[in-house]
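Subject: Structure handover

Hello,

Here is the structure to look through. My notes follow below it.

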Amino acid sequence: MYKGVCHLTERAQQDGVLFLSWWEMFLLFGLSRFGLCLGTTTMPVIVLEASDLTSPLSLVRMWALLSGCLTFSLVASLVHSELTPEPQQPSFRILCMFTWCLFFILTLLIHVVNIIQFHSLVPISWKNLTVTVAALAALMTFSASVTFPWAVMGHEGVCPRPIAAALASCLTFLAYATETYLIRTQTQDQKGYMASVPGLLKVLQLWGGCEMIVLVVEQVRGALVKGAGVGLAAVGWQLWVSGAVYALCLLMSLGTVMVVLGDCAGRCPLPFDRLLAGFSLTGVLLYVVATILCFTRVLELQNPGQDLHRTTGTTLVVMEAVMTSITLLAYTVDLAVSIKLLRDRSHA
């Protein structure tokens, strides 16, 4: 291995680093990051301290990896008799599996990169990335832990595998919630903006937008299936307006998180704190409209003669109203915090 590295170094000195392939440059930069002296005749040893593997954060991430792997393995092995016959079961099962698998992969990458100390090679803010993934994973796995017993697993008889999967999902949620708490208790220079109250509110808004989009898509699909022959007329205009509001607010929240993770706030042409306040105000106004439309549809469900009662599920509409209220509260608190920060800076 050492001779190969020396060969790469000689090529870099003779031909220039630009003539090396991307993986050769990555290898040279990574080994130099670990302190490998390329010009010496001795082969230094890369030592990983035991504290890197036994720290509370590492142990909690391994807990999340084990429980997450157990969860999606059990759910993948379920047979048809262990699942509910509800029509929305396939969609919610895909959502739950996507949540568990996605955050298992992200947590595994974060854990590996953190152990080998390669996070300086990642072109994003590492301290913001870890808390963002942990907080969003906690919220998404919480949703999966609620959705799976309600809309995926069967309720006829006692089946051990679905119950074990539900318990494993709850353990996964607890692991990610604990990781978020541990990151929040670190010193100020070890945690970034996303670990603060405004940052966590951005994650809550992002989670709410994702859940809203899923609920709207499922309601549209159910309306089109039950209103066969009617086409898009089976979907009420309120649902289309709500879907547009959720999509717009989700894009704003996603853009804000990506700017923070990419450390691009200083390159923003507008003052970033004022831009965040504007986004929060826009989100409050849009979600007020969506909340009014949601509760209007909930009231319409009390009349069995309404088309909404025929084409969309009652539970989905109620869930959307609850989630819209939670997300509206998150935007309202975020707007209040943003205004307070702007006032403090103006008086400073």
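At which residue does helix H6 bend? Helix H6 (residues 126-152) bends by about 25 degrees at valine 146. A proline, proline 149, follows within four residues. The bend is the angle between axes fitted to the seven residues ending at a residue and the seven starting there. Helices are DSSP runs (H or I, at least four residues), numbered from the N terminus.

Before going on, some ground rules. This is a predicted model, where local features need pLDDT of at least 70, side-chain atom pairs count only at pLDDT 80 or more, and totals for chains, interfaces and linings use all residues. Residues are numbered from 1 along each chain as its sequence is written, and side-chain values use heavy atoms, with hydrogens and water left out.

**The core**

H6 is mostly covered, with 21 of its 27 residues buried. Buried means under 20% relative accessible area (1.4 Å probe, protein chains only). The largest nonpolar core has 69 residues. Such a core is a set of buried Ala, Val, Leu, Ile, Met, Phe, Trp, Tyr and Cys residues joined through side-chain atoms within 4.5 Å. Trp100, Phe148 and Tyr246 touch the most other members. H6 gives the most to this core, with 14 residues.

Now take tryptophan 100. Its contacts (heavy atoms within 4.5 Å) include Phe72, Ala144 and Phe148, leaving aside neighbours within four places in sequence.

**A buried histidine**

Histidine 111 is found in helix H5. Why does histidine 111 count as buried? Because its relative accessibility is 8%. Histidine 111 touches Ser58, Arg61, Met62 and Leu65, not counting residues up to four places away in sequence.

A cavity is a set of points where a 1.4 Å probe fits but cannot get out. A pocket is an open set with protein on both sides within 12 Å along at least five of seven lines. Lining residues have an atom within 4 Å of a point. Grid points are joined across faces, edges and corners, and a volume is the space filled by probe spheres set on the points.

There are three cavities of 30 Å³ or more. The largest cavity has a volume of about 60 Å³. Its lining includes Lys202, Met252 and Asp334.

The largest pocket has a volume of about 500 Å³. It is lined by 24 residues. H5 gives the most to that lining, with nine residues.

Best wishes

Note on methods: Helices (H or I, at least four residues) and strands (E, at least two) are DSSP runs, numbered from the N terminus. Buried means under 20% relative accessible area, exposed over 50%, partly exposed in between (1.4 Å probe, protein chains only). On a 1 Å grid over the protein atoms alone, a cavity is a set of points where a 1.4 Å probe fits but cannot get out, and a pocket is an open set with protein on both sides within 12 Å along at least five of seven lines; lining residues have an atom within 4 Å of a point.
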